[in-house]
Structures are given as C-alpha cells and as structure tokens.
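Where do nonpolar side chains go in a folded chain? Look at the structure below, then read on.

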Amino acid sequence: MKKFIPIVFFLWCAHFTNAQQMKRVSGISMYVTAGPNYFLNNFKEFRRRVNTVDYNFSCRVMWEPAYRMSIGLKTGYYKIYTVSLTGARANANFDLTAIPIQLFVKTKISTHFYAFYGMGPSVCLNTMQASNGEAIHASFTSFADMSTGFGYSKSINKKLSLGGEFEYFHSSKSAENILSLEFVAGWRL
C-alpha cells in the first residue's frame, strides 16, 4: 500500500501537468502590402515629363515573439518612376524599378500601431523603350537601400489582420526616394 500511494500521486501530477498546455507565444507571420507611391522628383532635365505617381507591392515573412520587437525578411517590387519623352522624330519611355531584399525589423508602439525599419540590397532595373520598338535594359545593384515608416494593423480573427502603412523608401545608388501609402494584409502561420 505504501508503494501504491506515491504511484497514484505521480500519475495524478502527470495528468495535471499534461492538461496545462503552454500557449503559443511566438510565431511566423506573412504580410502582403500593395499601394500607390509618390516619387520625390529630383530630375533637373525633363522634370515635367516625369510620372511621379506609380505603384508598389511587397511581401515579408516575420518572426513575431511575444515581445514588442519582431524581425524578418522583405522583398517587393517598387516602380520608382517613369518618364515619357516625345519628340519630332521619336518617342521614348524610361522607367526605374527596384526589387529590394531587406532585413526587416518591426516594433509595436501600442496595440494597433507599429514602426518599422528595413535595410539591404536592391536590384534596380532601368528600361528605355523607343517608339520604333528598340529597347535597352540595364540593371545594377544598390547595396544600402532602406525603408522606414509606421503602420496600423487590426486583427480580424486569430489568423488574419488588415491595416495600412506609410513608408519611405530610399535607393542609395541612384539617390531616389519614394513615399508610399499601402494596404497591408497579414496571415499568422
């Protein structure tokens, strides 16, 4: 009987420790953003021919522990500017697009508001298309591009969140800057 009591006590404790499952305090989330951007025009020539409003979209995967800071990777497609030139002999269109690959850090300011910062290289694609069908494609890498801003996010359910972000993006090699207002959808994996 004396051996039976410790065995029952051990089984009873094991039952209650198994019943108290730890809730998940960290996880991986995926965010998709899309929206218009505004190019801060720094052209001296053809200043009036620059289309300063374009679009961008991005995707980021974040590790979000139970603390205020989260970290992840971001990539996207930023249409920085387009220029349309018309002349007596020919027409041409120029554009610059950036595809960033950034280390991304986000910190919660309050329950729904957050600030973020990302830094890393971007592949920049420069295209010139003439009206006669000829095209020139060039690419270069900008190694120290950055993005920063703040956002608002509201949870719809345990997995889905929706919100918006205001972002500033700087391409270091071409010295181009854009401001964007983006719609954000997040999914907790």
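Start with Phe-39. Setting aside neighbours within four places in sequence, Phe-39 is in contact (heavy atoms within 4.5 Å) with Val-50, Thr-52, Ile-80, Tyr-81, Glu-176, Asn-177 and Ile-178. This is a predicted model: local features need pLDDT of at least 70, side-chain atom pairs count only at pLDDT 80 or more, and totals for chains, interfaces and linings use all residues. Residues are numbered from 1 along each chain as its sequence is written, and side-chain values use heavy atoms, leaving out hydrogens and water.

Phe-39 belongs to the largest nonpolar core, which has 13 residues. A nonpolar core is a set of buried Ala, Val, Leu, Ile, Met, Phe, Trp, Tyr and Cys residues joined through side-chain atoms within 4.5 Å. Buried means under 20% relative accessible area, exposed over 50%, and partly exposed in between (1.4 Å probe, protein chains only). Phe-39, Ile-80 and Tyr-81 touch the most other members. Strands β4 (69–86) and β5 (91–108) each supply at least two residues of this core. The largest share, five residues, comes from β4. Strands here are DSSP runs (E, at least two residues), numbered from the N terminus. A second, separate core has six residues, including Tyr-31, Phe-104, Phe-116 and Val-184.

Now turn to the surface. Leu-73 lies in strand β4. Is Leu-73 buried or exposed? Leu-73 counts as exposed because its relative accessibility is 54%.

Methods:
Helix = DSSP H or I, 4+ residues; strand = E, 2+ residues; numbered from the N terminus.
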